[in-house]
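Here is a short report on one protein chain. It covers a loop, a hairpin and a disulfide.

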Amino acid sequence: TEQELSWAEAKEACAEIKEGAWNLPSRAELLSLVVFGSSNPASPFPGINPAPYWADEQDVSKSDNAWSLDFSNGTSNTIEKSTLSRALCVRFRSAE
């Protein structure tokens, strides 16, 4: 979304999308979208803002934090869940 949301709000926004099961991507899924060596944005996809995006993973050592990926430079860090960041929702596909 273009909105900046807390981690909980981002998870909720993805879950509310109709037409399928949508969720925040894993950190690995976000990292797969990074073009290392590029910046502003570090992604080949149009519409990706050079900004932090939430991943669907909490920091196991600090429960108030979750992982995010910054598309301005391709770095992945944990930040407080109350921080306002962007959400890039992905559709869950069952392995049929």
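Buried means under 20% relative accessible area, exposed means over 50%, and partly exposed lies in between, with a 1.4 Å probe and protein chains only. The model is predicted: local features need pLDDT of at least 70, side-chain atom pairs count only at pLDDT 80 or more, and totals for chains, interfaces and linings use all residues. Residues are numbered from 1 along each chain as its sequence is written, and side-chain values use heavy atoms, with hydrogens and water left out.

**The loop between helix 2 and strand 2**

Helices (H or I, at least four residues) and strands (E, at least two) are DSSP runs, numbered from the N terminus. Asparagine 40 sits in the loop between helix 2 and strand 2. Asparagine 40 is exposed, because its relative accessible area is 54%. Its phi is positive, about 50 degrees, although asparagine 40 is not a glycine. The peptide bond from asparagine 40 to proline 41 is cis, with omega near 0 degrees. Both features stand out against a general rule: most residues other than glycine have a negative phi, and most peptide bonds are trans.

Serine 43 belongs to the loop between helix 2 (27-31) and strand 2 (52-58). Is serine 43 buried or exposed? Serine 43 counts as buried, because its relative accessibility is 10%. Contact means heavy atoms within 4.5 Å. Leaving out residues up to four places away in sequence, serine 43 touches Leu33, Val35, Ile48 and Phe71.

**The hairpin**

Two strands pair if DSSP finds at least two bridges between them. Strand 3 (residues 65-70) and strand 4 (residues 75-80) pair in the antiparallel sense over six bridges. Asparagine 65 stands opposite glutamate 80 in strand 4. Four residues lie between the two strands of this hairpin, and glycine 74 in the turn has a positive phi of about 85 degrees.

**The disulfide**

A disulfide is a pair of cysteine sulfur atoms within 2.5 Å. The count is one. Cysteine 14 and cysteine 89 form it, with sulfur atoms 2.0 Å apart. The pair links distant parts of the chain, 75 residues apart: cysteine 14 is in helix 1 (residues 7-15), cysteine 89 in the loop between strand 4 and strand 5 (90-91). Both cysteine 14 and cysteine 89 are buried. Their link is left-handed, with -85 degrees about the S-S bond.
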